[in-house]
Amino acid sequence: MFRIAPRQVARTTVAFAQHQHVTAAVGSSTAARALTARWLSAAAAPGPKPANPEFSSGPCKKHPGYSIANLPTSTLGRSHRSKLGKDRLKFAIDETKRMLGIPDNYLVGIVPASDTGAYEMAMWNMLGARDIDICHWESFGKGWFADAVNHLKLRDTVDVKEHTAGYGELPDLTATSKDRDICFTFNGTTSGVRVPDGCDWIADDRTGLTLCDATSAVFAMNMPWEKLDVTTYSWQKVLGGEGAHGMLILSPRAVERLESYTPANRPLPKIFRMTKKGKIDESIFKGATINTPSMMAVEDYIDALAWAESVGGTEGLIKISNNNLAVLEKFVAENDWIDFLAKDKSIRSNTSVCCTLDLTPEQIKAFVALLEKENVALDIGGYRDAPPSIRIWCGATVETADVQALTPWLKWAYEEVKK
Ligand SMILES: Cc1ncc(COP(=O)(O)O)c(C=O)c1O
């Protein structure tokens, strides 16, 4: 069932009044009738609008029922190192571990600078100990490759192999080696391509580490923890939290690397330092963050976790994302002018859903602008480096009814810009 928001009722009423006004004003000449018809067809709503037009791929929509007024404020204005502050940070870590089913012997820390901070922290601390396979197939993974080669200059000391594929495809992940470190992105947010479920291409008896940027996957896809040595994500994605802090999840083997390897001649900014006298600084993973966190963002994250629990926990969130994707899959199957960038369903993202349209790049811009103007869909333009496309966030904070309500408007916008 579609829900009709009060503002839509008001908009429909205004549109009807405008139509009456225009019809009266232009009279009945053929040209005027054509003008009226065009105006009418442009204005005619194909159906109710999504109750919430937010489909951005990050920061993503806040969860249903979100109100900033619901956030506790007792930690604000207090030291984050007070018992209260540390307890809340530790609670966020413990809840994360519980809800994601992270093994007990893995460490989970809240670190500076969102997912980028967490991933670069891992790269800067751990890479260089052995040869590396870097797999990338969209913008962010390509950025990690550039970090490794241009900034860390790892090719001066170890072999760095690049495994890459164009937008919409995956490189051959089985060409990676279990004895090398492997860097990869679980879900390519800008191409809508994810690694296949289960990560069977990663060996259980590997000697290298896997470093996985999973920012648009955690809480939307099953994370095979036994395959992942370093996992990072940020709160602003699937849970619709705030930017600012990153989550860093380390397997025992990743900790072992930190304690046994110190990169030569590599300065580490204070916000990247995870060891003290050659030992992991465990306090970071119990809530004693390296530098000052935003306790408001922490409360916002805890609020998002509570909402996640209320919809069935991680399993519930995955189900919602899958349902959202299913709505778009049905729509794409029924319309030959729209297609997925990821043609292969087994690697198609259920969060950042990227679609190509049978339109020119300029028309795609107009399509996106039209839906934004109508307040039907905000921020759905493809990523700036991606092929001309649209990207509809289908993470769990987006309600399936809204994805459903969006689809006739996609068709409407297509027909409008084709005219
Ligand atoms: C795959 C991927 N990696 C990294 C980032 C950067 O995340 P953040 O801005 O949280 O650092 C993004 C943001 O969209 C992303 O999609």
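Predicted model: local features only at pLDDT ≥ 70, side-chain atom pairs only at ≥ 80, totals over all residues.
Student: Why is Ala 244 called buried?

Tutor: The cut-off for buried is 20 or more other C-beta atoms within 10 Å. Ala 244 has 20 of them, so Ala 244 counts as buried. You will find Ala 244 in the loop between β8 and β9.

Student: What does Ala 244 touch, leaving out residues up to four places away in sequence?

Tutor: Ser 114, Ser 294 and Ala 297.

Student: Why does Lys 153 count as partly exposed?

Tutor: A residue is exposed with 12 or fewer C-beta neighbours and buried with 20 or more, and partly exposed in between. Lys 153 has 13 inside 10 Å, so Lys 153 falls in the middle class. Lys 153 sits in the loop between α5 (139–151) and β3.

Student: What makes the phi of Lys 153 worth a remark?

Tutor: Its phi is positive, about 50°, although Lys 153 is not a glycine. Most residues other than glycine have a negative phi. Phe 219 is another such case, with a positive phi of about 80°.

Student: Where is Phe 219, and why is it placed in its burial class?

Tutor: Phe 219 is in the loop between β7 and β8.

Student: What kind of peptide bond joins Gly 58 and Pro 59?

Tutor: A cis one, with omega of about -10°. Most peptide bonds are trans. Pro 59 lies in the loop between α2 (30–43) and α3.

Student: What is the strand order of the open sheet of seven strands?

Tutor: The order is β1-β9-β8-β7-β4-β2-β3, and the pairing is mixed.

Student: Why do β1 and β3 stand at the edges?

Tutor: Each has a single partner strand, so one side of β1 (107–112) and one side of β3 (160–164) lack a neighbour in the sheet. Neighbouring strands here are turned by 15° against each other on average, direction ignored. Helix α3 (residues 83–100) packs on this sheet and touches β1 and β9, its direction making about 130° with that of β1.

Student: How do you know which strands pair with β8, and in what sense?

Tutor: Two strands pair if there are at least two bridges between them. Strand β7 (residues 210–213) and β8 share three bridges in the parallel sense, so they pass that cut-off. Five bridges join β8 to β9 (residues 245–250), and these two run antiparallel, so they pass as well. For examples to look up, Leu 211 has Val 230 in β8 as bridge partner, and Thr 232 has Leu 248 in β9.

Student: What makes β8 mostly covered?

Tutor: Five of the five residues in β8 (residues 230–234) are buried. Val 230, Thr 232 and Ser 234 point one way, and Thr 231 and Tyr 233 point the other way.

Student: What is the order of the open sheet that three strands form?

Tutor: The order is β12-β13-β14, with antiparallel pairing. The edge strands, β12 (338–340) and β14 (390–393), each pair on one side only. The twist averages 35° from one strand to the next. Four bridges join β13 (residues 352–357) to β14, against the two that pairing needs, so they count as a pair. One of the links is Cys 355, whose bridge partner in β14 is Ile 390.

Student: Which residues touch the most other members in the largest nonpolar core?

Tutor: Ala 122, Met 123 and Ala 148, out of 106 residues in that core. Helix α7 (residues 295–310) gives the largest share of the core, eight residues. Among the residues that Ala 148 touches are Met 123, Leu 127 and Ile 132.

Student: How many residues surround the ligand, and which are the closest?

Tutor: There are 13, and the closest are Ser 114, Thr 116, Phe 140, Thr 189 and Ser 234. The shell divides into one nonpolar, 10 polar and two charged residues. Helix α4 (residues 114–126) gives the most to this shell, with three residues.

Methods: Residues numbered from 1 in each chain as written. Near = placed C-beta within 6 Å. Nonpolar A, V, L, I, M, F, W, Y, C, P; charged D, E, K, R; others polar. Axes fitted to C-alpha atoms, helices over the stretch in contact; angles between N-to-C directions. Contact = placed C-beta atoms within 7 Å. Core = buried A, V, L, I, M, F, W, Y, C linked by C-beta atoms within 7 Å.
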